[in-house]
Amino acid sequence: MIYDVIVVGSGFSAIAVVCNLVEHLSDTASVAVIGDDPGFGRGTAYRTELHLHRLNVPASRMSLFPERPLEFVKWLEGHERSLQGSDFASRNDYGLYLRDTLAGLLRKRDGRCRVDFVKAKATGCVERYTSTLGFQLSNGDEIAGRHVVLCLGVGNAGLPAQPFGTAAAGRSRIIKNPWRLSWLRRVAPMDRVCILGSGLTMIDQVLALRAHGHRGVIDVLSRRGLIPLDHLRTQVAPLKIDTQTLPAKISAILKFLREQARDAEDWRCVMDGLRPVTQDLWKQLTLPERSRFLRHALPWWNIHRHRVAPDVFESFISLVRAGTVRVQAGFLKSIEMQGADGIVAKYRMRALREIAEIRAAWLVNCTGMERAGIDHSPLLNEMMRLGLIAQDPLRLGIQVNDRSEVQFTTETERARLFCVGALTAGQFWEITAVPDIRIQAKAVAEEIGRSQESIC
Ligand SMILES: Cc1cc2nc3c(=O)[nH]c(=O)nc-3n(C[C@H](O)[C@H](O)[C@H](O)COP(=O)(O)OP(=O)(O)OC[C@H]3O[C@@H](n4cnc5c(N)ncnc54)[C@H](O)[C@@H]3O)c2cc1C
(Lines give C-alpha, C1' and ligand atoms only; values in the text may rest on other atoms or scores of the structure.)
Protein backbone atom coordinates (compact mmCIF):
# COMPACT_ATOMS: atom_id res chain seq x y z
CA MET A 1 0.00 0.00 0.00
CA ILE A 2 1.16 3.56 -0.67
CA TYR A 3 0.47 5.86 2.28
CA ASP A 4 0.08 9.61 2.10
CA VAL A 5 2.47 9.97 5.01
CA ILE A 6 5.03 7.69 6.64
CA VAL A 7 6.40 8.69 10.04
CA VAL A 8 9.56 6.80 11.01
CA GLY A 9 10.31 6.69 14.75
CA SER A 10 8.49 6.15 18.02
CA GLY A 11 9.68 8.86 20.39
CA PHE A 12 8.28 12.27 21.27
CA SER A 13 8.89 13.76 17.80
CA ALA A 14 6.89 10.97 16.17
CA ILE A 15 3.93 11.28 18.55
CA ALA A 16 3.91 15.08 18.16
CA VAL A 17 3.86 14.74 14.36
CA VAL A 18 1.15 12.06 14.39
CA CYS A 19 -1.12 14.04 16.79
CA ASN A 20 -0.78 17.10 14.57
CA LEU A 21 -1.36 15.10 11.38
CA VAL A 22 -4.58 13.72 12.86
CA GLU A 23 -5.66 17.32 13.42
CA HIS A 24 -4.58 18.60 10.00
CA LEU A 25 -5.27 15.84 7.43
CA SER A 26 -8.60 15.06 5.85
CA ASP A 27 -10.42 11.77 6.52
CA THR A 28 -9.32 10.38 3.15
CA ALA A 29 -5.63 10.55 4.07
CA SER A 30 -3.58 7.61 5.37
CA VAL A 31 -0.63 7.64 7.75
CA ALA A 32 1.74 4.79 8.67
CA VAL A 33 3.98 5.01 11.71
CA ILE A 34 7.04 2.76 11.73
CA GLY A 35 8.62 2.11 15.12
CA ASP A 36 9.63 -0.78 17.29
CA ASP A 37 9.78 0.84 20.71
CA PRO A 38 7.34 -0.52 23.26
CA GLY A 39 5.13 2.34 24.46
CA PHE A 40 4.87 4.45 21.34
CA GLY A 41 5.71 8.13 21.88
CA ARG A 42 7.72 7.68 25.04
CA GLY A 43 11.10 7.23 23.37
CA THR A 44 14.14 7.20 25.61
CA ALA A 45 13.08 10.21 27.62
CA TYR A 46 9.60 9.36 28.84
CA ARG A 47 9.62 5.59 29.22
CA THR A 48 11.32 5.65 32.63
CA GLU A 49 9.18 4.33 35.46
CA LEU A 50 11.24 5.93 38.20
CA HIS A 51 9.27 8.72 39.81
CA LEU A 52 12.49 10.57 40.66
CA HIS A 53 13.20 11.00 36.95
CA ARG A 54 11.71 14.43 36.52
CA LEU A 55 11.11 16.67 33.57
CA ASN A 56 13.66 19.43 33.30
CA VAL A 57 11.08 21.86 31.90
CA PRO A 58 8.15 23.19 34.01
CA ALA A 59 4.79 21.50 33.37
CA SER A 60 3.31 24.71 31.93
CA ARG A 61 5.69 24.47 28.94
CA MET A 62 5.27 20.75 28.21
CA SER A 63 1.90 20.61 26.43
CA LEU A 64 2.04 18.65 23.16
CA PHE A 65 0.37 21.58 21.42
CA PRO A 66 1.89 25.07 21.51
CA GLU A 67 -1.54 26.63 20.88
CA ARG A 68 -3.00 24.87 23.96
CA PRO A 69 -0.18 25.49 26.44
CA LEU A 70 -1.95 24.31 29.58
CA GLU A 71 -3.03 20.90 28.33
CA PHE A 72 -0.43 18.96 30.32
CA VAL A 73 -1.15 20.97 33.49
CA LYS A 74 -4.85 20.14 33.07
CA TRP A 75 -3.98 16.46 32.56
CA LEU A 76 -2.02 16.53 35.84
CA GLU A 77 -4.98 18.15 37.62
CA GLY A 78 -7.34 15.58 36.12
CA HIS A 79 -5.10 12.81 37.47
CA GLU A 80 -4.93 14.30 40.94
CA ARG A 81 -1.26 15.09 40.87
CA SER A 82 -0.74 17.98 43.25
CA LEU A 83 1.48 19.98 40.95
CA GLN A 84 1.37 23.49 39.56
CA GLY A 85 2.45 24.80 36.16
CA SER A 86 5.81 25.92 37.50
CA ASP A 87 6.53 22.46 38.97
CA PHE A 88 8.58 19.70 37.38
CA ALA A 89 6.42 16.63 36.84
CA SER A 90 7.75 13.09 36.60
CA ARG A 91 8.79 11.92 33.14
CA ASN A 92 6.69 8.81 33.65
CA ASP A 93 3.57 10.98 34.06
CA TYR A 94 4.54 12.86 30.95
CA GLY A 95 4.74 9.57 29.04
CA LEU A 96 1.23 8.71 30.28
CA TYR A 97 -0.06 12.11 29.18
CA LEU A 98 1.38 11.53 25.69
CA ARG A 99 -0.25 8.10 25.51
CA ASP A 100 -3.63 9.44 26.67
CA THR A 101 -3.55 12.36 24.24
CA LEU A 102 -2.85 10.14 21.25
CA ALA A 103 -5.45 7.59 22.36
CA GLY A 104 -8.00 10.39 22.74
CA LEU A 105 -7.35 11.65 19.21
CA LEU A 106 -7.49 8.16 17.71
CA ARG A 107 -10.74 7.35 19.50
CA LYS A 108 -12.51 9.96 17.38
CA ARG A 109 -13.46 7.93 14.34
CA ASP A 110 -15.41 10.56 12.41
CA GLY A 111 -13.55 12.79 10.04
CA ARG A 112 -10.06 11.69 10.95
CA CYS A 113 -7.38 10.22 8.74
CA ARG A 114 -6.41 6.55 8.88
CA VAL A 115 -3.40 5.81 11.11
CA ASP A 116 -1.64 2.42 11.00
CA PHE A 117 1.09 1.53 13.48
CA VAL A 118 3.70 -0.81 12.06
CA LYS A 119 5.77 -2.47 14.78
CA ALA A 120 9.12 -2.76 13.04
CA LYS A 121 12.37 -0.98 12.40
CA ALA A 122 12.99 0.66 9.04
CA THR A 123 16.12 -1.07 7.83
CA GLY A 124 16.49 0.28 4.32
CA CYS A 125 15.10 2.81 1.89
CA VAL A 126 14.10 2.34 -1.75
CA GLU A 127 12.72 4.56 -4.50
CA ARG A 128 10.44 2.29 -6.49
CA TYR A 129 7.78 4.60 -7.87
CA THR A 130 7.72 8.25 -8.89
CA SER A 131 6.98 10.61 -6.02
CA THR A 132 7.09 7.96 -3.33
CA LEU A 133 9.73 6.66 -1.00
CA GLY A 134 9.70 3.07 0.21
CA PHE A 135 11.06 1.56 3.42
CA GLN A 136 12.19 -1.99 3.96
CA LEU A 137 11.17 -3.18 7.39
CA SER A 138 12.73 -5.54 9.91
CA ASN A 139 9.63 -7.78 9.65
CA GLY A 140 10.32 -8.36 5.94
CA ASP A 141 7.59 -6.02 4.66
CA GLU A 142 8.00 -2.93 2.58
CA ILE A 143 5.83 0.19 2.63
CA ALA A 144 5.88 3.39 0.63
CA GLY A 145 4.69 6.94 1.19
CA ARG A 146 4.28 10.22 -0.67
CA HIS A 147 5.46 12.22 2.36
CA VAL A 148 7.98 10.94 4.87
CA VAL A 149 8.84 12.40 8.28
CA LEU A 150 12.02 11.09 9.89
CA CYS A 151 11.77 11.24 13.70
CA LEU A 152 14.74 9.10 14.62
CA GLY A 153 16.30 10.98 17.52
CA VAL A 154 20.07 11.03 17.72
CA GLY A 155 20.84 7.63 19.25
CA ASN A 156 23.63 6.99 21.67
CA ALA A 157 27.19 8.20 21.31
CA GLY A 158 29.71 5.31 21.24
CA LEU A 159 32.28 4.75 23.99
CA PRO A 160 35.08 7.31 23.68
CA ALA A 161 37.72 4.54 23.95
CA GLN A 162 37.55 0.85 23.06
CA PRO A 163 38.01 -1.48 26.04
CA PHE A 164 41.00 -3.84 25.95
CA GLY A 165 42.33 -6.58 28.19
CA THR A 166 41.83 -10.26 28.66
CA ALA A 167 38.80 -10.35 30.93
CA ALA A 168 36.03 -10.68 28.37
CA ALA A 169 33.60 -11.67 31.16
CA GLY A 170 33.83 -8.17 32.59
CA ARG A 171 32.58 -6.62 29.39
CA SER A 172 28.98 -7.05 30.47
CA ARG A 173 29.83 -4.52 33.18
CA ILE A 174 30.39 -1.85 30.57
CA ILE A 175 27.00 -0.25 30.06
CA LYS A 176 26.91 1.23 26.59
CA ASN A 177 23.24 2.15 26.67
CA PRO A 178 22.24 3.18 30.22
CA TRP A 179 18.62 3.71 29.17
CA ARG A 180 18.03 -0.01 29.44
CA LEU A 181 17.64 0.33 33.19
CA SER A 182 17.78 -3.44 33.80
CA TRP A 183 21.55 -3.15 34.43
CA LEU A 184 20.80 -1.42 37.75
CA ARG A 185 19.49 -4.67 39.24
CA ARG A 186 22.89 -6.31 38.80
CA VAL A 187 24.82 -3.68 40.76
CA ALA A 188 25.73 -4.59 44.37
CA PRO A 189 25.23 -1.82 46.96
CA MET A 190 28.95 -1.09 47.45
CA ASP A 191 30.16 -1.68 43.87
CA ARG A 192 32.26 1.16 42.57
CA VAL A 193 30.82 2.78 39.51
CA CYS A 194 32.52 5.00 36.95
CA ILE A 195 30.28 7.18 34.78
CA LEU A 196 31.66 8.75 31.61
CA GLY A 197 30.00 12.10 30.93
CA SER A 198 28.67 14.63 33.43
CA GLY A 199 25.42 15.87 31.86
CA LEU A 200 21.72 15.26 32.47
CA THR A 201 22.00 11.55 31.68
CA MET A 202 24.67 11.15 34.35
CA ILE A 203 22.46 12.80 37.00
CA ASP A 204 19.60 10.49 36.01
CA GLN A 205 21.82 7.44 36.37
CA VAL A 206 23.24 8.50 39.75
CA LEU A 207 19.73 8.98 41.15
CA ALA A 208 18.54 5.72 39.62
CA LEU A 209 21.49 3.89 41.22
CA ARG A 210 20.60 5.36 44.62
CA ALA A 211 16.95 4.40 44.17
CA HIS A 212 18.10 0.81 43.54
CA GLY A 213 19.97 0.73 46.83
CA HIS A 214 23.46 1.58 45.61
CA ARG A 215 25.52 3.24 48.33
CA GLY A 216 29.08 3.00 46.99
CA VAL A 217 31.35 5.60 45.42
CA ILE A 218 30.50 6.90 41.95
CA ASP A 219 33.30 8.51 39.96
CA VAL A 220 32.19 10.79 37.15
CA LEU A 221 34.63 11.70 34.40
CA SER A 222 34.15 14.31 31.69
CA ARG A 223 36.44 16.59 29.76
CA ARG A 224 35.61 19.68 31.78
CA GLY A 225 33.88 18.20 34.80
CA LEU A 226 30.99 20.64 34.35
CA ILE A 227 27.59 19.58 35.69
CA PRO A 228 24.15 20.95 34.73
CA LEU A 229 22.91 23.86 36.82
CA ASP A 230 19.53 24.13 38.49
CA HIS A 231 16.27 25.93 37.87
CA LEU A 232 15.17 28.37 40.55
CA ARG A 233 12.21 27.38 42.69
CA THR A 234 10.57 30.70 41.84
CA GLN A 235 10.75 31.60 38.18
CA VAL A 236 12.31 34.95 37.25
CA ALA A 237 11.08 37.14 34.40
CA PRO A 238 13.07 36.48 31.22
CA LEU A 239 15.05 39.35 29.77
CA LYS A 240 13.76 40.71 26.45
CA ILE A 241 16.46 40.10 23.85
CA ASP A 242 16.29 41.63 20.38
CA THR A 243 18.47 39.52 18.09
CA GLN A 244 18.61 42.32 15.49
CA THR A 245 20.66 44.47 17.84
CA LEU A 246 23.18 41.73 18.68
CA PRO A 247 26.69 41.78 17.19
CA ALA A 248 27.60 39.33 14.41
CA LYS A 249 30.54 37.61 16.12
CA ILE A 250 29.88 34.91 18.70
CA SER A 251 32.63 36.23 21.00
CA ALA A 252 30.95 39.67 21.08
CA ILE A 253 27.51 38.10 21.62
CA LEU A 254 28.78 36.06 24.56
CA LYS A 255 30.47 39.13 26.05
CA PHE A 256 27.16 41.01 25.77
CA LEU A 257 25.25 38.16 27.41
CA ARG A 258 27.77 37.90 30.25
CA GLU A 259 27.35 41.63 30.92
CA GLN A 260 23.57 41.26 30.92
CA ALA A 261 23.82 38.32 33.33
CA ARG A 262 25.98 40.38 35.68
CA ASP A 263 23.38 43.14 35.83
CA ALA A 264 20.29 40.90 35.93
CA GLU A 265 18.43 39.74 39.03
CA ASP A 266 19.70 36.25 38.18
CA TRP A 267 21.67 34.87 35.18
CA ARG A 268 18.70 32.62 34.37
CA CYS A 269 16.79 35.75 33.20
CA VAL A 270 19.25 35.99 30.33
CA MET A 271 19.17 32.29 29.42
CA ASP A 272 15.37 32.26 29.56
CA GLY A 273 15.25 35.44 27.47
CA LEU A 274 17.31 33.64 24.84
CA ARG A 275 14.90 30.67 24.59
CA PRO A 276 12.36 32.15 22.18
CA VAL A 277 15.03 33.75 19.97
CA THR A 278 17.75 31.10 19.96
CA GLN A 279 16.79 29.67 16.57
CA ASP A 280 16.72 33.17 15.01
CA LEU A 281 20.07 33.96 16.54
CA TRP A 282 21.55 30.70 15.22
CA LYS A 283 20.30 31.46 11.71
CA GLN A 284 21.90 34.92 11.91
CA LEU A 285 25.33 33.44 12.61
CA THR A 286 27.66 32.61 9.75
CA LEU A 287 28.93 29.05 9.48
CA PRO A 288 32.38 29.88 10.93
CA GLU A 289 30.70 31.65 13.89
CA ARG A 290 28.42 28.66 14.54
CA SER A 291 31.45 26.42 14.43
CA ARG A 292 33.31 28.73 16.85
CA PHE A 293 30.34 28.51 19.23
CA LEU A 294 30.41 24.71 19.13
CA ARG A 295 34.18 24.61 19.69
CA HIS A 296 34.39 27.06 22.56
CA ALA A 297 31.03 27.66 24.22
CA LEU A 298 29.04 24.42 23.91
CA PRO A 299 29.77 22.86 27.35
CA TRP A 300 28.86 26.13 29.11
CA TRP A 301 25.78 26.60 26.96
CA ASN A 302 24.57 23.10 27.84
CA ILE A 303 24.86 23.44 31.60
CA HIS A 304 23.17 26.85 31.69
CA ARG A 305 20.48 26.11 29.10
CA HIS A 306 19.49 22.51 29.95
CA ARG A 307 18.94 22.80 33.69
CA VAL A 308 17.58 20.37 36.26
CA ALA A 309 14.63 20.67 38.63
CA PRO A 310 15.67 22.24 41.96
CA ASP A 311 15.08 19.19 44.16
CA VAL A 312 16.76 16.85 41.65
CA PHE A 313 19.77 19.13 41.76
CA GLU A 314 19.64 19.21 45.56
CA SER A 315 19.61 15.38 45.77
CA PHE A 316 22.54 15.15 43.38
CA ILE A 317 24.68 17.90 44.87
CA SER A 318 24.27 16.49 48.40
CA LEU A 319 25.93 13.29 47.13
CA VAL A 320 28.79 15.37 45.72
CA ARG A 321 29.15 17.19 49.04
CA ALA A 322 29.19 13.89 50.92
CA GLY A 323 31.99 12.58 48.66
CA THR A 324 29.82 9.75 47.32
CA VAL A 325 29.90 11.25 43.84
CA ARG A 326 33.31 12.52 42.74
CA VAL A 327 33.45 14.58 39.56
CA GLN A 328 36.78 14.54 37.72
CA ALA A 329 37.84 16.64 34.73
CA GLY A 330 40.06 14.88 32.24
CA PHE A 331 40.49 13.18 28.88
CA LEU A 332 39.83 9.46 28.77
CA LYS A 333 42.88 7.61 27.41
CA SER A 334 41.96 3.95 27.82
CA ILE A 335 39.58 1.42 29.33
CA GLU A 336 41.28 -1.75 30.51
CA MET A 337 39.55 -4.90 31.74
CA GLN A 338 41.38 -6.49 34.67
CA GLY A 339 39.67 -9.62 35.97
CA ALA A 340 35.96 -10.37 35.83
CA ASP A 341 34.90 -7.34 37.85
CA GLY A 342 37.71 -4.84 37.43
CA ILE A 343 37.67 -1.95 35.00
CA VAL A 344 40.44 0.63 34.92
CA ALA A 345 39.74 3.92 33.18
CA LYS A 346 42.90 5.95 32.62
CA TYR A 347 42.61 9.65 31.92
CA ARG A 348 44.79 12.70 31.56
CA MET A 349 43.83 15.25 34.18
CA ARG A 350 42.59 18.51 32.70
CA ALA A 351 45.27 21.21 32.44
CA LEU A 352 47.91 18.72 33.70
CA ARG A 353 50.15 16.17 32.02
CA GLU A 354 49.49 13.67 34.77
CA ILE A 355 47.71 10.42 34.06
CA ALA A 356 45.25 9.29 36.72
CA GLU A 357 43.01 6.24 36.92
CA ILE A 358 39.60 5.26 38.15
CA ARG A 359 39.01 1.66 39.24
CA ALA A 360 35.46 0.47 39.16
CA ALA A 361 33.29 -2.61 38.85
CA TRP A 362 30.98 -0.84 36.38
CA LEU A 363 31.56 1.66 33.62
CA VAL A 364 28.54 3.54 32.30
CA ASN A 365 28.56 5.51 29.08
CA CYS A 366 26.66 8.77 29.59
CA THR A 367 28.67 10.75 27.06
CA GLY A 368 25.41 11.85 25.62
CA MET A 369 22.98 11.08 22.92
CA GLU A 370 22.76 14.73 22.11
CA ARG A 371 25.12 15.13 19.22
CA ALA A 372 25.69 11.63 17.89
CA GLY A 373 24.63 12.98 14.45
CA ILE A 374 23.56 10.51 11.80
CA ASP A 375 26.39 8.05 12.42
CA HIS A 376 24.38 5.97 14.89
CA SER A 377 21.75 5.03 12.32
CA PRO A 378 22.31 2.40 9.60
CA LEU A 379 19.10 3.65 7.93
CA LEU A 380 20.39 7.22 7.71
CA ASN A 381 23.76 6.04 6.46
CA GLU A 382 21.98 4.10 3.73
CA MET A 383 19.84 7.13 2.84
CA MET A 384 22.94 9.26 2.62
CA ARG A 385 24.61 6.73 0.34
CA LEU A 386 21.56 6.89 -1.94
CA GLY A 387 21.75 10.69 -2.02
CA LEU A 388 18.38 11.05 -0.28
CA ILE A 389 19.77 13.04 2.63
CA ALA A 390 22.96 15.00 3.27
CA GLN A 391 24.73 15.87 6.48
CA ASP A 392 24.64 19.51 7.51
CA PRO A 393 28.04 21.24 7.30
CA LEU A 394 28.59 21.01 11.08
CA ARG A 395 27.74 17.30 11.08
CA LEU A 396 25.04 17.77 13.71
CA GLY A 397 22.51 15.84 11.66
CA ILE A 398 20.54 16.11 8.43
CA GLN A 399 20.56 19.20 6.25
CA VAL A 400 17.03 20.67 6.05
CA ASN A 401 15.55 24.02 5.10
CA ASP A 402 13.44 26.37 7.23
CA ARG A 403 10.41 24.13 6.68
CA SER A 404 12.36 21.13 8.09
CA GLU A 405 12.36 19.63 4.60
CA VAL A 406 15.28 17.78 3.08
CA GLN A 407 16.36 19.46 -0.14
CA PHE A 408 17.14 17.00 -2.90
CA THR A 409 19.98 17.85 -5.16
CA THR A 410 18.46 16.10 -8.17
CA GLU A 411 15.52 17.44 -10.13
CA THR A 412 13.55 14.18 -10.34
CA GLU A 413 10.08 14.11 -8.90
CA ARG A 414 10.31 12.61 -5.47
CA ALA A 415 8.41 12.13 -2.26
CA ARG A 416 8.59 15.04 0.14
CA LEU A 417 10.96 14.19 2.96
CA PHE A 418 10.95 15.99 6.32
CA CYS A 419 12.91 15.56 9.50
CA VAL A 420 11.79 16.48 13.03
CA GLY A 421 13.82 16.62 16.24
CA ALA A 422 17.45 16.98 17.21
CA LEU A 423 18.70 15.72 13.84
CA THR A 424 17.79 19.15 12.44
CA ALA A 425 20.13 20.97 14.85
CA GLY A 426 22.30 22.17 11.96
CA GLN A 427 19.42 24.40 10.79
CA PHE A 428 17.75 25.28 14.11
CA TRP A 429 20.33 24.51 16.82
CA GLU A 430 17.98 24.29 19.84
CA ILE A 431 15.62 21.55 18.72
CA THR A 432 16.06 18.95 21.44
CA ALA A 433 13.37 19.78 23.97
CA VAL A 434 9.58 19.54 23.82
CA PRO A 435 8.86 23.32 23.64
CA ASP A 436 10.88 23.51 20.41
CA ILE A 437 10.03 20.14 18.84
CA ARG A 438 6.25 20.62 19.28
CA ILE A 439 6.37 23.82 17.19
CA GLN A 440 8.39 22.07 14.49
CA ALA A 441 6.04 19.05 14.48
CA LYS A 442 2.99 21.27 14.06
CA ALA A 443 4.61 23.24 11.22
CA VAL A 444 5.55 20.01 9.39
CA ALA A 445 2.03 18.57 9.80
CA GLU A 446 0.53 21.81 8.48
CA GLU A 447 2.89 21.78 5.51
CA ILE A 448 1.92 18.19 4.70
CA GLY A 449 -1.75 19.12 5.12
CA ARG A 450 -1.35 21.91 2.54
CA SER A 451 0.51 19.61 0.17
CA GLN A 452 -2.28 17.00 0.52
CA GLU A 453 -4.96 19.57 -0.28
CA SER A 454 -3.16 20.59 -3.44
CA ILE A 455 -3.01 16.94 -4.62
CA CYS A 456 -6.72 16.28 -3.89
C1 LIG B 1 16.54 11.28 29.59
C2 LIG B 1 16.01 12.44 28.85
C3 LIG B 1 15.22 13.36 29.49
C4 LIG B 1 14.68 14.44 28.82
N5 LIG B 1 13.90 15.30 29.49
C6 LIG B 1 13.33 16.31 28.83
C7 LIG B 1 12.44 17.20 29.51
O8 LIG B 1 12.22 17.11 30.70
N9 LIG B 1 11.86 18.19 28.79
C10 LIG B 1 12.10 18.35 27.47
O11 LIG B 1 11.54 19.26 26.89
N12 LIG B 1 12.96 17.54 26.81
C13 LIG B 1 13.56 16.53 27.46
N14 LIG B 1 14.40 15.69 26.80
C15 LIG B 1 14.66 15.94 25.39
C16 LIG B 1 14.05 14.84 24.52
O17 LIG B 1 15.09 14.40 23.70
C18 LIG B 1 12.92 15.23 23.65
O19 LIG B 1 11.91 15.76 24.45
C20 LIG B 1 12.33 14.03 22.88
O21 LIG B 1 12.17 12.95 23.75
C22 LIG B 1 13.11 13.61 21.66
O23 LIG B 1 12.30 12.71 20.97
P24 LIG B 1 12.67 12.10 19.55
O25 LIG B 1 11.46 11.36 19.11
O26 LIG B 1 13.18 13.17 18.67
O27 LIG B 1 13.89 11.12 19.84
P28 LIG B 1 13.90 9.74 20.64
O29 LIG B 1 13.12 9.85 21.90
O30 LIG B 1 15.33 9.36 20.71
O31 LIG B 1 13.12 8.73 19.71
C32 LIG B 1 13.61 8.27 18.48
C33 LIG B 1 12.87 7.02 18.16
O34 LIG B 1 13.16 6.58 16.84
C35 LIG B 1 13.26 5.18 16.84
N36 LIG B 1 14.05 4.76 15.68
C37 LIG B 1 15.35 4.98 15.44
N38 LIG B 1 15.72 4.42 14.29
C39 LIG B 1 14.62 3.82 13.78
C40 LIG B 1 14.37 3.06 12.60
N41 LIG B 1 15.33 2.82 11.71
N42 LIG B 1 13.12 2.58 12.40
C43 LIG B 1 12.14 2.84 13.30
N44 LIG B 1 12.32 3.54 14.44
C45 LIG B 1 13.55 4.03 14.67
C46 LIG B 1 13.92 4.86 18.17
O47 LIG B 1 13.69 3.53 18.54
C48 LIG B 1 13.21 5.86 19.08
O49 LIG B 1 12.03 5.35 19.59
C50 LIG B 1 14.96 14.61 27.46
C51 LIG B 1 15.77 13.68 26.81
C52 LIG B 1 16.29 12.61 27.49
C53 LIG B 1 17.12 11.63 26.77
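Which residues does Ala89 touch, not counting residues up to four places away in sequence? In this predicted model, Ala89 touches Arg54, Leu55, Ala59, Leu76, Arg81, Leu83 and Tyr94. Two residues count as in contact if their C-beta atoms, placed from the backbone, lie within 7 Å. Ala89 sits in the loop between helix 2 (71-78) and helix 3 (91-107). Helices (H or I, at least four residues) and strands (E, at least two) are DSSP runs, numbered from the N terminus. Ala89 counts as buried because it has 22 C-beta neighbours inside 10 Å. A residue is buried if 20 or more other C-beta atoms lie within 10 Å of its own, exposed if 12 or fewer, and partly exposed in between, with C-beta atoms placed from the backbone. Ala89 and Pro393 are 304 residues apart in sequence, and their C-alpha atoms are 37 Å apart in space.

Residues are numbered from 1 along each chain as its sequence is written. Local features of this predicted model need pLDDT of at least 70, and side-chain atom pairs count only at pLDDT 80 or more, while totals for chains, interfaces and linings use all residues.

The domain assignment of the protein gives domain 1 (2-155 + 371-455), domain 2 (163-229 + 307-365) and domain 3 (243-305). Such bounds come from an automatic or database domain assignment. The centres of domain 2 and domain 3, taken over C-alpha atoms, are separated by 31 Å. Domain 2 gives 6 residues to the contact, and domain 3 gives 4 residues. On the side of domain 2 that touches domain 3, 4 residues are nonpolar, 1 is polar and 1 is charged. Here Ala, Val, Leu, Ile, Met, Phe, Trp, Tyr, Cys and Pro count as nonpolar, Asp, Glu, Lys and Arg as charged, and the others, Gly among them, as polar.

Asp230 lies in the loop between strand 10 (218-222) and helix 5. Asp230 has 18 other C-beta atoms within 10 Å, so it is partly exposed. Asp230 touches Arg307, Val308, Pro310 and Phe313, not counting residues up to four places away in sequence. Asp230 and Ala309 are 79 residues apart in sequence, but 6.0 Å apart in space, C-alpha to C-alpha.

Helix 6 (residues 267-274) is largely enclosed by the rest of the structure, because 6 of its 8 residues are buried. The buried residues are Arg268, Cys269, Val270, Met271, Asp272 and Leu274. They pack against helix 5 (250-263), helix 7 (278-284) and helix 9 (298-305).

The ligand is surrounded by 31 residues, and the closest are Gly11, Gly43, Gly153, Gly421 and Ala433. A residue is near a molecule if its C-beta atom, placed from the backbone, lies within 6 Å of it. Two elements give two or more residues to this shell: helix 1 (12-24) and strand 2 (30-35). Helix 1 supplies the largest share, 3 residues. By class, the shell holds 15 nonpolar, 12 polar and 4 charged residues.

Strand 2 is itself largely enclosed by the rest of the structure, because 5 of its 6 residues are buried. Two strands pair if DSSP finds at least two bridges between them. Val5 has Val31 of strand 2 as its bridge partner. Strand 1, helix 1 and strand 2 make a right-handed β-α-β unit. Right-handed means that, with the strands pointing away from the viewer, the path from the first strand over the helix to the second runs clockwise. Strand 2 is also joined to strand 3 (residues 114-119), in parallel, by 6 bridges. The partner of Gly35 in strand 3 is Lys119.

Strand 4 (residues 122-126) and strand 5 (residues 133-137) run antiparallel, joined by 4 bridges. Cys125 is bridged to Phe135 of strand 5. Strand 5 also pairs with strand 6 (residues 142-150) in the antiparallel sense, over 4 bridges. Strand 5 and strand 6 form a hairpin with 4 residues between them, and Gly140 in the turn has a positive phi of about 95°.

Most residues other than glycine have a negative phi. Trp429 is not a glycine, yet it has a positive phi of about 60°. Trp429 is found in the loop between helix 12 (425-428) and helix 13 (434-455). It counts as buried because it has 21 C-beta neighbours inside 10 Å.
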